[in-house]
Amino acid sequence: MASPFDIDEIYPGDGDQPLRLPRRQVGNSPQGVAVTLLADYTLRTRAALPSAAIVALLAETGVTTAGARTAISRLARRGVLEGSRLGRRSSYRLSRAAAANLSAGGHWILASTGSTVPWDGCWTIVAFSLPQDRSAQRRALRAQLRWLGYAPLYDGLWISPDELTPAARAQLDQLTLGAVTVFRGRQTAIGSAIHRAPIEAWDIAEIGRSYQAFLRHWTAVLPRVIAGEIDGAAAVRARTEIMDTFRRFPVLDPQLPLELLPEKWLRRPARELFEAVYDGLAAPAERHVRAVVARFADGELPGIEAHTTADILAGVRPRREPGEIGSRWIRW
């Protein structure tokens, strides 16, 4: 199934163009907001929410009724949501594959922004050559490389400070059919003043500005969270927004080695601020989601549970349904 959000939301075009998110003023897609909402309050239970309740919750984030219904429909077609109907009322819930992706993805987001991984000084280089008439395959390969933490040093030559895992190698094999070569080694410095350092494959200055904008906005919000001044729809809206923005940072800054980055890199402060706001709003946001869903649930309130960052790191696993033997887990 497709990822709950597209790489084009972060890197437009073929995945090798300048980044454009996260920037709060750009706004987040209705599909992304819908997935975040459902994941934040139904990931563990995979509760089916009335479509009218989802539309109402999305309306509180600024999504129009038409936009909300279109987002729900497209997510269902992509296999992210699965629908059901009882009489005239339709409901939707996260598919098991999407819930698995989101559980693994949430862990990945927090683990990759909260830890410092020792670096051996080596780079993994992926070189590929695809004919011009295979543009769709080239686009898919570049998007997959972005998800794996790679960036283009040159056209057709992508790099990462991390080793290529067996799972990642299998994914690349499926996309390239042998038209790819992988190396790992250290950079050899040359005397030319115009050589390009590998870290320049990432727009470090722009990533830094994205961190600064995130910290500037949410630092101003945090005192109100601590004081309990943000409640109701505002709590849900803020919690959805901070998750929908923060989750992009591991793609922008895939645990790049700190020794290659500017001093006082803001990855860790951004993670700590995210944790304080997201966790601080969990209880009031859950209360509001329950209240909204109750208006459309005919007196039966489905399982709505807000989780914390500690829950995500521990692993928010969708509960098995009666008679279910197992499930397929997919990395988000």
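1. A residue is called buried under 20% relative accessible area, exposed over 50%, and partly exposed in between (1.4 Å probe, protein chains only). By that scale tryptophan 119, at a relative accessible area of 21%, is partly exposed, while tryptophan 123, at 5%, is buried.

2. A word on the basis of these notes: this is a predicted model, where local features need pLDDT of at least 70, side-chain atom pairs count only at pLDDT 80 or more, and totals for chains, interfaces and linings use all residues. Residues are numbered from 1 along each chain as its sequence is written, and side-chain values use heavy atoms, with hydrogens and water left out.

3. On to the rings. Rings of Phe, Tyr and Trp (its six-membered ring) pair if their centres lie within 6.5 Å; planes under 30 degrees apart count as stacked, over 60 as edge-to-face and the rest as tilted. The count by this rule is 9 aromatic pairs. In one of them, the ring centres of tryptophan 119 and tryptophan 123 are 5.2 Å apart with planes at 70°, so this pair is edge-to-face.

4. Phenylalanine 214 and phenylalanine 249 also make an edge-to-face pair, with 5.5 Å centre to centre and 85° between the planes. This pair links distant parts of the chain, 35 residues apart: phenylalanine 214 belongs to helix H7 (residues 204–226) and phenylalanine 249 to helix H9 (residues 249–252). Helices here are DSSP runs (H or I, at least four residues), as are strands (E, at least two), numbered from the N terminus. Phenylalanine 214 is buried at 4% relative accessibility, and phenylalanine 249 is buried at 0%.

5. Do have a look at the surroundings of this pair. One aromatic cluster is formed by Tyr211, Phe214, Phe246, Phe249, Trp265, Phe274 and Tyr278. Leaving aside residues up to four places away in sequence, phenylalanine 214 touches Ile242, Thr245, Phe246, Phe249, Ala270, Leu273 and Phe274, where contact means heavy atoms within 4.5 Å.

6. Next, the nonpolar cores, meaning sets of buried Ala, Val, Leu, Ile, Met, Phe, Trp, Tyr and Cys residues joined through side-chain atoms within 4.5 Å. The largest has 76 residues, and Trp202 and Phe214 have the most contacts inside it. Helix H7 gives the most to this core, with 9 residues. A second, separate core has 11 residues, among them Phe128, Leu145, Tyr150 and Val180.

7. Leucine 49 is buried, at 3% relative accessible area.
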